[in-house]
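Please look at the sequence and the 3D structure together. The paragraphs below go through them part by part.

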2 protein chains.
Amino acid sequence: MYGRYTQELGVYAKEEAARLRESGQRRSVSDRSRTLDLLEYDKGRCAKCRICTVRCQKFLISRVGEDWIFLILLGLLMALVSWVVDFCIAICLQAQKWMYGGLDSNVFLQYLAWVTYPVVLITFSAGFTQILAPQAVGSGIPEMKTILRGVVLKEYLTFKTFVAKVIGLTCALGSGMPLGKEGPFVHIASLCAALLSKFMSLFGGIYENESRNIEMLAAACAVGVGCCFAAPIGGVLFSIEVTSTFFAVRNYWRGFFAATFSAFIFRVLAVWNRDEETITALFKTRFRLDFPFDLQELPAFAVIGIASGFGGALFVYLNRLIVQFIRKQKAINRFLMKKRLLYPALVTLLVSTLTFPPGFGQFMAGKLTQKESLVTLLDNRTWAKQGIAEEFDYIGHSQAWKHPQVNVFVTLVLFIVMKFWMSALATTIPVPCGAFMPVFVIGAAFGRLVGESMAAWFPDGIHTDGTIYPIVPGGYAVVGAAALSGAVTHTVSTAVIVFELTGQISHILPVMIAVILANAVAQSLQPSLYDSIIRIKKLPYLPELGWGHHEKYNIRVEDIMVRDVRYITLNCCYRDLHNVLLTGHLKTLALVESAESMILLGSIERAQLQSLLSQQLGRPRRLQYIRERAAAEKKRLSVVSNPGSEDDSQRASQEVRFQISTEESSFSPTRPVPLKPLKPALKRSSVVERPTEIPTNAHDNSGITLKNLFCASPDTEGLEVREPCPRIHPIAEWEEKQLDEQVNFNNCKIDPAPFQLVERTSLHKTHTIFSLLGLDHAYVTSIGRLIGVVSLKELRKAIEGSVTVKGVKVRPPLASFRDSGTSSSENEATELHKLWDRHKSMSLPREHTPSESDEKSQ
Amino acid sequence: MYGRYTQELGVYAKEEAARLRESGQRRSVSDRSRTLDLLEYDKGRCAKCRICTVRCQKFLISRVGEDWIFLILLGLLMALVSWVVDFCIAICLQAQKWMYGGLDSNVFLQYLAWVTYPVVLITFSAGFTQILAPQAVGSGIPEMKTILRGVVLKEYLTFKTFVAKVIGLTCALGSGMPLGKEGPFVHIASLCAALLSKFMSLFGGIYENESRNIEMLAAACAVGVGCCFAAPIGGVLFSIEVTSTFFAVRNYWRGFFAATFSAFIFRVLAVWNRDEETITALFKTRFRLDFPFDLQELPAFAVIGIASGFGGALFVYLNRLIVQFIRKQKAINRFLMKKRLLYPALVTLLVSTLTFPPGFGQFMAGKLTQKESLVTLLDNRTWAKQGIAEEFDYIGHSQAWKHPQVNVFVTLVLFIVMKFWMSALATTIPVPCGAFMPVFVIGAAFGRLVGESMAAWFPDGIHTDGTIYPIVPGGYAVVGAAALSGAVTHTVSTAVIVFELTGQISHILPVMIAVILANAVAQSLQPSLYDSIIRIKKLPYLPELGWGHHEKYNIRVEDIMVRDVRYITLNCCYRDLHNVLLTGHLKTLALVESAESMILLGSIERAQLQSLLSQQLGRPRRLQYIRERAAAEKKRLSVVSNPGSEDDSQRASQEVRFQISTEESSFSPTRPVPLKPLKPALKRSSVVERPTEIPTNAHDNSGITLKNLFCASPDTEGLEVREPCPRIHPIAEWEEKQLDEQVNFNNCKIDPAPFQLVERTSLHKTHTIFSLLGLDHAYVTSIGRLIGVVSLKELRKAIEGSVTVKGVKVRPPLASFRDSGTSSSENEATELHKLWDRHKSMSLPREHTPSESDEKSQ
C-alpha cells in the first residue's frame, strides 16, 4: 500500500546509482581515449569531423533521459509502423484485386481467388499469433485499460507480442475482412513504449521508475490512436476515455505532444511518398461551409443518434453472444480447440463468400475495401438527386453502390445489415484486430441512408428564404459514423476523431448531439465493447459508477465490507501464523496489536509470512538442531561410556529420515523470497501474477510440517524409514516447540500504512478512492480498531447492484438487459450474503481451531 | 482525513431523510386535495387540463433529482446569461460608437465622449462589484481551481457574487477595454451550478452531497467556457486543463453534455434573433480546403509558436509586475486604498486616450472593438497583395487597418505592442474580467503579421508544381491566436477552441505544433496566468510537477518532512493538552498511543481538543465545584458552629471573583462546537476558513486558565478582588487538580485513519497522492510509529526547488527567472532549514515545558 516499506528499494536505488555512476565514468573515460586514438591514428581531414560526431553522440546520450526525446522517438517509431502497416495492407488488397480482376473469364476461378486469398491470410495470421504470442490476439484496449489500472498482465508488453501483433494485424487487415486497426494500434504503441523504455534504461536510471512508465503508457495509448487516424486530439481524448477512470492532466500534455508528432510524421510520409500534395485529413470531405445544415434537420440527426445508440448496444450484445455461444457448445468447442485454425478459416470463408462481387456482393458494394466504402459514403454529392436515385452518375468507386436492378436505398440497407453481423462475427476471430473501423463504416452507411432519404424527401432542402441549400447526405454519414462508433465504445471523443478524419468541423453540433444521444442510449443498455471483453476475459477491473445512479451516494462501506478479516497479532506464535496461512487466500494479511485491542498496525504480504515460517522450521535450523542433539547424545554416551550398535543405527536412521523428508519437500527453505521490484503506490501488485506461485507453496510448506508433526503419512516416508513411528518423536517435539515460539517480525517487510476507511465512507467515495489509487483492498477501521475489509470484489458487487441495502434493491433502471451476460455474479452475491448472515453480529473475527486447518491441509 | 468520523453525518442524513419523506407525504396529500378541490370547484372543461398539469408538475418534480435535468437547466441558464450579456455588451459598444460618430464635428467633444463613456462604465463596474461582492473581482478561474482542489473559499459561490459578477462583467466589457469574458464565465457558470444545486435541493436530498457538488462544479466550468465561445469540446478540455490536476473521466461526460447543450442554445438564440441564417461558428473563416498550407510553411508556424511562448511568459510576468509594483509603492497604495475607484478610472482614461481613433488610435486600428479586430484579422484575403501592402482594397472593418501614411505592417506592430501592455494593465483593474480574449486577439495580430510578411515574401506561394497556391495570412492568424493564448494559460486545448471558433480544422497540424512549442517555452519560463494569480492572491494551492523534471523522482518524503510533530497521547492529562494547544497552530493533532511507542492511532481536530479542555475547566464544573465547596464549608462551619464575618465575606468574595473571571472570558464553555457539515474525504476542510476563529479562542482559553492558576494579573482582576492573592488558592488548586486529570476522549471526534506515508515515499508519488485526494497534510509513519508530518507547505517548497537534498540543488533549469516573483518563499525555506537543523537528530518530538508555554501565553 501506501506505506509499503521500501528499505530494499532504497538500497537498490543507491546501488544502482553507484553502478551507473561508475559505468558512466568508465564510458566517458573510454570515449576520451577513443577520441585520442582517433586523433593519433587518423590525422587526415576526417578526424575533426569524427570527434565532433563522438561529442554529439555523447551529448545525445546524456540528453536521452529527457521525457520529450522519449516521446519524439515513440511518435516517430509509431508513425513509421503505422505507415508501413498501411502500405503493406494496401499492397495486399491490391494483390487480391489484381488476382480477382485477372481471372474475369471464369467466375469459379474468380470465386476461388476471392475466397482463398483472405482465408490463407487470416489462417496465417491466427496461426502465427497463436504460436508466437497468444497475448497479441484481439484489440488490446481492454488489456491496456487493466494495465493502466495498475494490474500487471504477464507477457503483454514483450517484444514477441510486438512482432506477433504487427505481423498478425497486417495479414488480418490485408485480407479485406471487416476488421479495424485502431485497438491493436493502442496495444502496439504501448508495446513500443515499454520496449523503448527498456532500451533507454540502458542509458539512464529514471526509466526504472514504474510510475513514470505508467505515465508513458498512457501517452502511448494516445499515440496509438493518433497515428492510426492522423487524429492527435481525438486520439488523446479517445485513449483517455477508453483506458482511464481518473486522468492526470500532466499526462494529457505528454499524449498531445507525442500524438501530434506521430500524426505529423505519419502524414508527412504520405506527402513524401507523393500520395498527397500536402498534409490534409485522411478522409477529406468538401461540404459547403456557408450553410452546413439547417436547424430543422436537427431532428433527423437526433434520430440517427438514438438509433445508433440501440445499434451500438446490439453490436456489443451480439459480439458477446457469439463468443458465449461458441464457448458453451462443448462439442463445437472441443472440435475447435483441436483445430484451432478452423474457426478463423470458416468465418473468413463465410464472410468472403457473401461479399463475392458477382454473387451476393453486388447488392452490398462487396467490391469495395473498407477505406473505399468510407470515402464513397462521405462523398459530398447526393446520390438520390431530385428524389430519383438513378439520376446521379456514379463515378469512380461510387459505381459499386449502383445496381441496375435495385435501388441505392436497398443496397445501403443490405450493406448495413450484412456488415453488422459480419463485423460482430469477424471480431471474434483470434487474430489481432479491432472493431472501431468496421463500426465506423457501418455508422457512416446508416447516416448516408438517412441522409439520402432526407434528400429524397426534401429535394430542394428545407431552408425556405432565398437561396436553395440542398441537403448534404455526406454530413449525415459523418454524424452516423461518429454516433455508432461512440455508442459501441461509450465515448464522446469519436466526435473529435471524425472532425480530424474529415478535416471539417462544420457539423459540430449535429455530431455532438448524435454522439451524446447514442451514448445515453447505449450506456443504459450495455457495457462498452471493451468492458464487455474485459468481462468475457475475466480481467480484474472495477466498473464505472453509471450516469445518474445517485442511489450510490447512499450505500456505505459498512454495508458491503467483509467482517471476517484474517489477521495476525504482534505477539502471535508461529502456530497461529501457520493456521492463518492455511485458511485464507488473501495476498496480504492485517497485523493488529492484539486480538483484544484489534489496533491495526499494518499489513504483511503472504509471501513474507511464508518465508518467516520457513525460516523458523527450515533446513538450516533443523540441521543445527540435529547436530546439537547428536552432540548432546554423544556427550551423554561418552559420559555413560556404553557405546551400542542400537544408538549408532538410530542416529544414522535419523539423519537418513531427515534427508528424505527435506528432499521430498518442494520448497527449499534457504531459497530467498523473490525480490520483486517494489511497486509504487499507484501500481498495485497484481491479482493475476501472484496466485500461481504462492498458495501451492503454502500448502507444500504446511503439508510437510504437519506430516513431520504427526508422522501419519507412511505412503511417502514409511518405505525408507526403518524405525517405527515413536522413534521420530524428538524432531516432532522440536517442531512443536518451534511452532509455539513467538514470531519475530524484525526481518519482515511490513506495510505500516495500509489504506484505511471508516465504516461510514460512502460507496461513491470508496469507488473514487479505489480508482484513484488503484487499490485492490482497504481495511475498515473504527478509531484504530480493525473491523472489516473491502476488496475490489465487494465493491464490484455493490456497484453492479447485486447488494441489497436496507431493503432497497439498488440497481440501475435498465440493467436487467445487462445482467443476462453476467450470470456468475449471482452466485458470488449469495455467497456474500451468507458471509454477512454468518458474521452479522460478530465484530471480531473468530479464532480458527487447529483441527479445522488440519482438515483442510489434508 | 479518510476516516473522518461521520457519526453526526449519519444522524443528520437520517433526520433529513425523515424530514423529506414527511414533507413529501404532506406535499402529495396537499396535491391530491388540490386536485379534488379543482374538480369540485371548476367542473368546466378546464378541470381535466388542470389536473393533467398538476400531474405533470408532480412528475417533473419527482424527476428533478436526475443529473441530466440539472445539466440541461444549467446549460440553458448559462446560454441565456451568455446571450444576454453579449447582447448588452453589443448595445453598450454601439452606443459608444453612435455617440462618437454623432459628434464628428468637434474633435474635443468626440474625445470627451470616447473617453468618458468607458471611464464611467468601468468605474461603475468597479464600484458596484466592490460594494456588492468583492469576491467577484477578476477572472474566477484561479478561485475555481482552488475550490475544485477541495478548499472552501467563503462567499465565492453566493447569489450576491453572481449578480455582481454578471452586471460588473457586462459593464466592464461594454466599455470596450481589452478585457475578456471567458474567465468570469467559468466563475458565473459555477455560481449558477451552486445556486441551482441549492434550489434543487428543495426537491430532493441528493443535492446535499458535497462530492456530487464538486462534480457539478467541474461540469459547470466546462459549460462556462463552452457557452462563451460556442465551443463545447474546447470548453470541456480547457476547463479540465485550467482547473484540475486529476480528472474523473465520468465528469467529462457531464461536461460534454452540458456544454454541448449550452453551446447549442447559445447559437440557436442567435439564429432566432436573425443574426445568423443557421448554426455556424462564432468567427467563421473561409480558407480553402484543398490546399490549406504547404509543408514548407511549417517553419514559419514553428516560429510563431516559439515567439508566442516567449510573449506569453512576458505577459504573465508583466501582469504580475504591475500588481506587485502597485502593492509595493506604499504611497500609491495608501492613496488608492482611500479612493478605490481612482485606479480603474485612471487606467481606463489612459487606455482609451491612446486608442482614440483620430489620435494615436489611427495607427493601431483603435476604432475597432475586440470582436471586429478578430474578424478582420482572421479574414482569408491577403492584405499585402503581390508584396505591396497598399494594393488591397480594404472593405468594411478592414478599413481601420489602412492608414494613408503608414504601412499595414507598422499598424500591426503598433497594435500588437500597444495592446500587449494595455491588456496586461487592464486585467489588473478590480472589475470582473478575464485575459483570454485580449491575448487571443494579440496572438491573432501577431500571426497575421507573420502571415502577411510571408505573403509579401512569397507572392505566389511556396508550392512549385502546377497550381499556384498563395499563402493565407488568415491561417497564420489562427495559429498565432491559439499559440499565444495557449502560452499564457499553459493549455493545449486552445487549439480545439480555435477550430470550434473558426469552424475550420484544416490547419490542425500547424496549430498543434505552434501551441505545443509555445507551451514548452512558456512553461519553462513562467507559471500560467492563473497560477500566477493564485500566488499573488496567496490561495492554498499545490504547484504542478513540471514537464520533464525527473529529479523529482529521487526526492523522498524523509527529505522534506517536519520531524517535530505535535502530538497527544492516549493517556495524557489535560495539562499536556493545554500545552500542546499553546505551542502550535496546526489544525489537527496526531493522537499516539504513548510517547514511548509513538503508535499513531488517529488525529483530532484542534477545535475538538479545545472543547474538551473547556468542558473540563468550564463554567458548569466550576460552579458545581464552588457549590460543593460552599456546602462543605457550610457543613464544616455548622459543625464547628462558629459563624464569623470573615468567612462570610470570604465566600461572597469568592463568588464575586468567580463571576468576574468567567464573564471576562470570551468563550462560554457551554457553547457547542459549531457543527460544521462534515466534509467528504475529497473535500478537505479549508486552510482559509479556520484560522480566524480558532487560534484566538485558544489563546483566550489558556490565558484565563493561567491567570486563574497563578493569579498574577492584577490589572484585570485585582480591582474587584478584595482578598490578597493567597486567598484564591482554593480555586487555583481545583484547577491544578483538574489539569492533572487524565483526558477522557470518549466524546471526542477522532479521525481514526489519517493519511499516512512512509519515509521512503518519493516526492512524485506524494504529489500525486496529495493532488488526487486533496490532502493538506499526511503523517509519516514507520511500522505504525509516527515519525514526521508533511503538509502542503513542505511539498510546495520541495517542488518549487528551494529544498536542497544531499547537496544537489534541485530546481528546474530555467526557474531562476521564475523566482524573482516569489521572494517570500525564501524566508520560509530558511525557516524550514532551521527546523531541520534543530531536529535533525531528534526522532521524537521533545516535551514542551510549561514555563515555555506560559511565556508565550502572556
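Axes are lines fitted to C-alpha atoms, for helices over the stretch in contact, and angles run from 0 to 180 degrees between N-to-C directions. Helices (H or I, at least four residues) and strands (E, at least two) are DSSP runs, numbered from the N terminus. This is a predicted model, in which local features need pLDDT of at least 70, side-chain atom pairs count only at pLDDT 80 or more, and totals for chains, interfaces and linings use all residues. Residues are numbered from 1 along each chain as its sequence is written, chains are lettered from A and ligands numbered from 1 in the order in which they are written, and side-chain values use heavy atoms, with hydrogens and water left out.

Start with chain A as a whole. Chain A contains 33 helices and 10 strands. Of its 858 residues, 60% are buried, where buried means under 20% relative accessible area, exposed means over 50%, and partly exposed lies in between (1.4 Å probe, protein chains only). A contact means heavy atoms within 4.5 Å. Among the contacts in chain A with a separation of 6 or more, 78% are between residues 24 or more positions apart.

Now take a pair of helices in chain A. Helix α9 (residues 232-243) of chain A packs against helix α10 (residues 249-272) of chain A at an angle of about 135°, and their axes are 8 Å apart. Angles under 35 degrees count as roughly parallel, over 145 as roughly antiparallel, 65 to 115 as roughly perpendicular and the rest as oblique. α9(A) and α10(A) are therefore oblique to each other. Their crossing is right-handed; a crossing is left-handed if the near helix is turned anticlockwise from the far one by less than a right angle, and right-handed if clockwise. On the side of α9(A), the contact is made by A:P232, A:I233, A:V236, A:L237 and A:I240. From α10(A) come A:Y252, A:G255, A:F256, A:A259, A:T260 and A:A263. By class, this contact of α9(A) with α10(A) has 9 nonpolar, 2 polar and no charged residues. Here Ala, Val, Leu, Ile, Met, Phe, Trp, Tyr, Cys and Pro count as nonpolar, Asp, Glu, Lys and Arg as charged, and the others, Gly among them, as polar. An α-helix has 3.6 residues a turn, so residues three or four places apart point the same way.

Chain A also has a sheet to follow. Two strands pair if DSSP finds at least two bridges between them. In chain A, 4 strands form an open sheet in the order β2-β3-β4-β5, with mixed pairing. Its edge strands are β2 (567-569) and β5 (750-751) of chain A, each of which pairs on one side only. Helix α23 (residues 606-617) of chain A packs on the sheet and touches β2, β3 (588-592) and β4 of chain A; its direction makes about 80° with that of β4(A).

The pairings can be read along that order. β2(A) and β3(A) are parallel and share 3 bridges, with A:T569 having A:V592 as its bridge partner in β3(A). β3(A) and β4(A) run antiparallel and are joined by 5 bridges; the partner of A:L589 in β4(A) is A:I604. Strand β4 (residues 600-605) of chain A and β5(A) pair in the antiparallel sense over 2 bridges, and A:I604 stands opposite A:I750 in β5(A).

How many residues of β3(A) are buried? The count is 5 of its 5 residues. A:T588, A:A590 and A:V592 point one way from the strand, whereas A:L589 and A:L591 point the other way. Helix α22 (residues 574-583) of chain A is mostly covered as well, with 9 of its 10 residues buried. The buried ones include A:R575, A:H578 and A:N579.

Helix α13 (residues 342-354) of chain B and helix α15 (residues 408-426) of chain B pack at about 165°, with their axes 11 Å apart. That angle makes α13(B) roughly antiparallel to α15(B). Their crossing is left-handed. The contact involves B:Y343, B:V347, B:L350, B:V351 and B:L354 of α13(B), together with B:M418, B:W421, B:M422, B:L425 and B:A426 of α15(B). By class, this contact has 10 nonpolar, no polar and no charged residues.

Finally, consider a single residue. B:S262 lies in helix α10 (residues 249-272) of chain B. B:S262 is buried, with a relative accessible area of 0%.
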